[in-house]
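Here are a few friendly notes to read alongside the structure. Take them one at a time, and keep the picture open as you go.

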There are 2 protein chains.
Amino acid sequence: MNDGPRRRETSDATTAKPPMRDALVAAAFQLFLERGYEQTTIDDIVTLAGVGRRSFFRYFPSKEDVVFPDHERCLADMRAFLDDTPDADEDPVQRVCDAARLVLRMYAENPTFSVQRYRLTKEVPGLRAYELSVVRRYERALAEYLRGRLAARRDGTLRAEVVAAAVVAAHNNGLRSWLRSDAQGDATAAVDHALGYVRATFGDSHESPRGGPRAKECDDVVVVVSRRDAPLWRVVQEIESTLGRD
Amino acid sequence: MNDGPRRRETSDATTAKPPMRDALVAAAFQLFLERGYEQTTIDDIVTLAGVGRRSFFRYFPSKEDVVFPDHERCLADMRAFLDDTPDADEDPVQRVCDAARLVLRMYAENPTFSVQRYRLTKEVPGLRAYELSVVRRYERALAEYLRGRLAARRDGTLRAEVVAAAVVAAHNNGLRSWLRSDAQGDATAAVDHALGYVRATFGDSHESPRGGPRAKECDDVVVVVSRRDAPLWRVVQEIESTLGRD
């Protein structure tokens with residue numbers, strides 16, 4: 001995916017001194033927590049990290065970017081994951097839900113850092129705006145993939161944009177509940193549950209593109225979707241077999 | 001709603017000279033189109049409008065705000081509309097769809113201005129960021145209303161956030177297609193169609209909170225939602241009556 005210099009070298013556990021990029025992030029967060037974000041300058045960060053100003057700008061275009069050091073990598077990973085969809089029959093909604101889980105994984109890799117950043121972002125309007133723009137880029141990546149997969153369907157673009165927005169909202173609902181718990185809860189379970197709702201609402205099992213009746217089983221609800229001109233006996237047959245009755 | 005000084009006085013057609021706020025917006029857009037957004041200063045705007053700097057800041061906190069002069073009023077209108085929900089039985093999804101239409105109405109009030117702003121926003125990253133933050137505020141207003149209405153339901157908060165995001169995405173899909181047509185198309189039809197998809201997906205007719213079967217008619221599709229433990233005869237009766245057959 002992205003093995004360039006921007007990738008965090010988390011695998012090299014034998015290195016006593018962390019790579020320069022990680023050192024800059026660590027120094028920045030130490031200062032943001034001690035002094036506040038606005039009161040910390042890039043000069044303060046490079047001084048604490050023991051590097052020059054040019055090193056900072058080699059890794060980060062701005063002070064805001066050091067707060068979100070892994071989103072570019074994650075966006076690249078998400079696009080690669082969507083480009084690599086192996087099975088053309090796979091439910092596209094399932095695929096974008098799985099793509100969204102890459103973002104959760106990035107947050108869950110470092111819970112302490114993620115919680116610190118969550119608190120910082122809530123306090124600094126400039127960081128909230130930055131985060132909104134990042135979230136929008138994830139949403140656009142998902143929508144672009146869905147537009148391609150749904151191109152042949154009626155209202156394909158509309159569906160793509162609505163589903164992408166729903167996936168992002170559900171993911172963030174689960175992610176936020178985990179961050180608000182100070183990363184004490186189960187991040188994966190929270191996000192899986194939220195994405196499960198989107199999947200149940202929009203997933204392929206929910207509609208019948210070929211016109212015949214099709215039923216979806218949930219825990220205690222049966223949904224049957226049928227064309228109006230389907231013969232009644234076929235609809236009843238479908239319900240009976242789903243309910244497991246004669 | 002909001003009858004304060006920030007409200008545009010569109011009703012006063014007999015006034016030869018437009019109010020100062022409108023004059024500032026008109027001057028700003030004339031300069032943005034002639035010179036570009038970044039090359040226009042607030043001093044340039046007040047000089048052309050023939051007013052002082054302090055007058056500008058009486059109406060607009062920043063240069064970005066003059067590009068989006070009506071969103072604060074529209075947000076206030078939306079919150080008032082949602083607060084005034086007269087019928088507690090009204091489908092909450094329908095209500096937020098209607099609330100979103102207030103935004104469309106604002107754009108449709110002045111098609112030329114809306115198209116100019118759409119093009120300008122696409123070109124200026126700072127304005128895109130501003131627009132994202134405004135869109136997010138609409139989404140939060142809708143989600144807040146839905147959280148209240150769906151509080152008693154399982155996953156009420158999750159549903160509220162997903163539905164709000166879906167409504168905003170659908171509204172913006174319709175709005176953008178109209179703006180891209182240079183306001184030549186039918187804005188209301190485009191947004192109604194997009195919101196119709198959200199309504200059909202999430203609206204109350206799509207589920208049965210009280211446990212009995214309930215059917216929704218579309219043009220050529222019948223959706224039946226039923227509890228698994230509902231008697232089969234009730235489900236069949238519901239389908240028959242919906243299909244209009246014996």
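Predicted model: local features only at pLDDT ≥ 70, side-chain atom pairs only at ≥ 80, totals over all residues.

1. At what angle do helix α7 (residues 111-123) of chain A and α9(A) pack? The angle is about 95 degrees, and the two axes are 10 Å apart. That value falls between 65 and 115 degrees, so α7(A) and α9(A) are roughly perpendicular to each other.

2. Next, look at the residues where these two helices touch. From α7(A) come A:P111, A:S114, A:V115 and A:Y118, and they meet A:R176, A:W178, A:L179 and A:R180 of α9(A). Sorted by type, the residues of this contact are 5 nonpolar, 1 polar and 2 charged.

3. Helix α9 (residues 156-180) of chain A has another partner to look at, helix α6 (residues 92-109) of chain A. The axes of this pair come within 10 Å and cross at roughly 30 degrees. Angles under 35 degrees count as roughly parallel, and α6(A) and α9(A) are therefore roughly parallel to each other. The crossing of α6(A) past α9(A) is right-handed.

4. Which residues make this second contact? On the α6(A) side you will find A:V93, A:V96, A:C97, A:A100, A:V103, A:L104, A:Y107 and A:A108, while α9(A) brings A:V163, A:V167, A:H171, A:L175 and A:W178. They divide into 12 nonpolar residues, 1 polar residue and no charged ones.

5. Step back to see chain A as a whole. It holds 11 helices and 2 strands, and along the sequence they follow the pattern α-α-α-α-α-α-α-α-α-α-β-β-α. Of its 246 residues, 48% are buried. Among contacts in chain A between residues at least 6 apart in sequence, 60% join residues at least 24 apart. The accessible surface of chain A is about 12,200 Å², with 47% of it belonging to carbon and sulfur atoms.

6. B:L142 sits in helix α8 (residues 125-149) of chain B. Is B:L142 buried or exposed? Buried means under 20% relative accessible area, so B:L142, at 1%, counts as buried. Beyond its neighbours within four places in sequence, B:L142 is in contact with B:M78, B:L82, B:V96, B:A99, B:A164, B:V167 and B:V168. Take B:V96 from that list: B:L142 and B:V96 are 46 residues apart along the chain, yet their C-alpha atoms are separated by 6.1 Å.

Methods: Residues numbered from 1 in each chain as written. Chains lettered and ligands numbered in written order. Heavy atoms only, no water. Axes fitted to C-alpha atoms, helices over the stretch in contact; angles between N-to-C directions. Helix = DSSP H or I, 4+ residues; strand = E, 2+ residues; numbered from the N terminus. Parallel < 35°, antiparallel > 145°, perpendicular 65-115°, else oblique. Left-handed = near helix turned anticlockwise from the far one by under 90°. Contact = heavy atoms within 4.5 Å. Nonpolar A, V, L, I, M, F, W, Y, C, P; charged D, E, K, R; others polar. Buried < 20%, exposed > 50% of the residue type's maximum accessible area, 1.4 Å probe, protein only. Areas by Shrake-Rupley, 256 points an atom, 1.4 Å probe, with all protein chains shown as cover.
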